[in-house]
Amino acid sequence: MMFWRCCVLSLVVACGSSPKPATVDLPKNDVAPAQPAPAKPVAVAFVLEGHELWIGNDQTDVSEDERYLGALKPLEEAFAKVSTAGLPIGSTATVITYGEHALVRHPMAPIAKLTAAAFGEQKDYYGVIDRDLVGGVTLGLDELAKVNGAHRVLIVIGDGTDTNADAAKAALPTLAKRAAAENVQVVSFVYKGPLSSPGNLLAAFDPSTLTVNSIDAVGNELEALFDGFTPQPVVARSRNAVALALLVSGAETWMGNDDIELAANDPSRYTGALKAILAALDTSPMTEFPAGSQGAILTYDDRVKTRRRMGPIEKIDSRAFGDQKTYYRTAGNELVSGVRTAIGQLRNVEAGRKVLVILGDGNDTNNEAAKAQLRDLAKKASELHIEVRAIIWKSALSDEDNIIHELDPTVSTAKTSEQLTTQLVAVMKAMR
Amino acid sequence: MIASVRVLVACILLFGSLAHADKKQKPSPRPVMKARVVDLEVVGESRIVTVLLGSDNGIGKTWHAKFREGATAKPLAGGEAIVIRVDKRSTVLKTSLSAEQVRANRVVEFAP
């Protein structure tokens, strides 16, 4: 699913880009001119669910029995960390919420003026018992249709249901066609609230909708999305520029959950590897690489997620990984899918050196099938001149097997989290 | 002497029981609880409504639910609802009221 999401997003972004300048012959020295990034402004319509319990009501005067935390507060906190400063000049945004009806809460205005406060307060949503998702999407498209000369993006955030599910199932595919016809890039997130019904109607509008377990994940995705629209400075790209795909297991038990509210003696509490990875990035920031070097972060659990799209390698930092909450309640080990996606991303990058670094427990959900698949991927990596460096770190629940050696026969094993930090720092240093 | 006291006590008891025999037992007040509607779904001809009161508050699956008229304590005509699920903090009901009626009448009362 993530693969297709990336394909669709890349395609739409590419379609919406301004024309690139004519190709320039590479000079004979070791520096190639970089392509200037498109500077077309972006118009964003945030379409947010306004149901009382989804939003949360713990800051209103409800009794203890009726109190629910909800998504608004963490969403505002996450949004406050997302930088829109780098977006092209003239970029705009609007905020629409949907309850019984959809309404424009913050009219289309320069995106720099959009703060977390534009999403409102819990009291604004008290007593909202409906979810007019169809109305919200329709109004979002209507508002974007008024904007000319910009790359249009519709971002839907809600629990993926509608008060009238049958009517929504019929209406959303039509709205998806409208979005495509009007060149609107659609990004959507499903976050289930305390009393949300199961199911995801949004998939009928956006097949790539991303279900998240924490609102922090929405913040990370928005940051990555906006990064993609940020014009990159025209830097000379060295012929030695590095392209790095950092592929990391995203399963909760591998990443760790001891910072989350679990009792100290809870048997499902694990320290995990995330802290060791963050320590490596803090110890050895991704600087001093050849000019124009790029990097991406991908994680794999039961699906592959691009945490940070390919961009300046300096942006591969501890913040880009998020915290343990980002990986809470994730499980699975789709290593092969992760490798395939990472190789796909590296193939499309111009760089003198391409490196795939894999951190995980060395296993796939289906080790039997994965062996042959990893051998094929090793061949593909070799054909594309992609170096592969894998480091195994076993979590408390990891199987003792190891099939990653089919992809990287020189795979190393870190027996402790300190060793994981040291080995990762060494791999990154060797790339410079 | 003892026998006559026994006869006297028996008479008093008999008289007392006869005196109360045809009086109806005064019913103990039934606990009525009210809850706020927080969710509405339209499913076919029915409306599925969630209210914030559940088994933690003593609600059981056999309890009777009825919508009140607006903010008043009057029961809404045709406002009976069927309890279809009781969770800890919430209860899911099915009603034949229209969505508009549910939106206008957001308090449900429960009785065992």
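Let me begin with the sheet in chain A, where 6 strands form an open sheet in the order 4-3-2-5-6-7 with mixed pairing; strands here are DSSP runs of E of at least two residues, helices are runs of H or I of at least four, both numbered from the N terminus, and two strands pair if DSSP finds at least two bridges between them. Strand 4 and strand 7 (210–211) of chain A stand at the edges with a single partner strand each, so one side of each has no neighbour in the sheet.

Residues are numbered from 1 along each chain as its sequence is written, and chains are lettered from A and ligands numbered from 1 in the order in which they are written.

Within the sheet, strand 5 (residues 151–158) and strand 6 (residues 184–190) of chain A pair in the parallel sense over 7 bridges, and A:Val156 stands opposite A:Ser188 in strand 6 of chain A.

Turning to the interior, a nonpolar core is a set of buried Ala, Val, Leu, Ile, Met, Phe, Trp, Tyr and Cys residues joined through C-beta atoms within 7 Å, and a residue is buried if 20 or more other C-beta atoms, placed from the backbone, lie within 10 Å of its own, exposed if 12 or fewer, and partly exposed in between. The largest such core has 79 residues, of which A:Val47, A:Leu154 and A:Ile155 touch the most other members, and strand 2 (residues 42–49) of chain A gives the largest share, 7 residues. Apart from it lies another core, of 59 residues, including A:Leu274 and A:Phe289.

A:Ile111 lies in the loop between strand 4 (102–110) and helix 4 (133–145) of chain A, and counts as buried because it has 20 C-beta neighbours inside 10 Å. Beyond four places in sequence, its contacts (C-beta atoms, placed from the backbone, within 7 Å) include A:Val44, A:Thr84 and A:Leu87.

Finally, a word on confidence, for which pLDDT is the predictor's value for each residue, from 0 to 100: chain A averages 87, and 89% of the residues score at least 70. Over residues 5–35 of chain A, however, pLDDT stays under 50. Where pLDDT is low, the predicted coordinates should not be read in detail.

Terms used:
Predicted model: local features only at pLDDT ≥ 70, side-chain atom pairs only at ≥ 80, totals over all residues. Contact = placed C-beta atoms within 7 Å.
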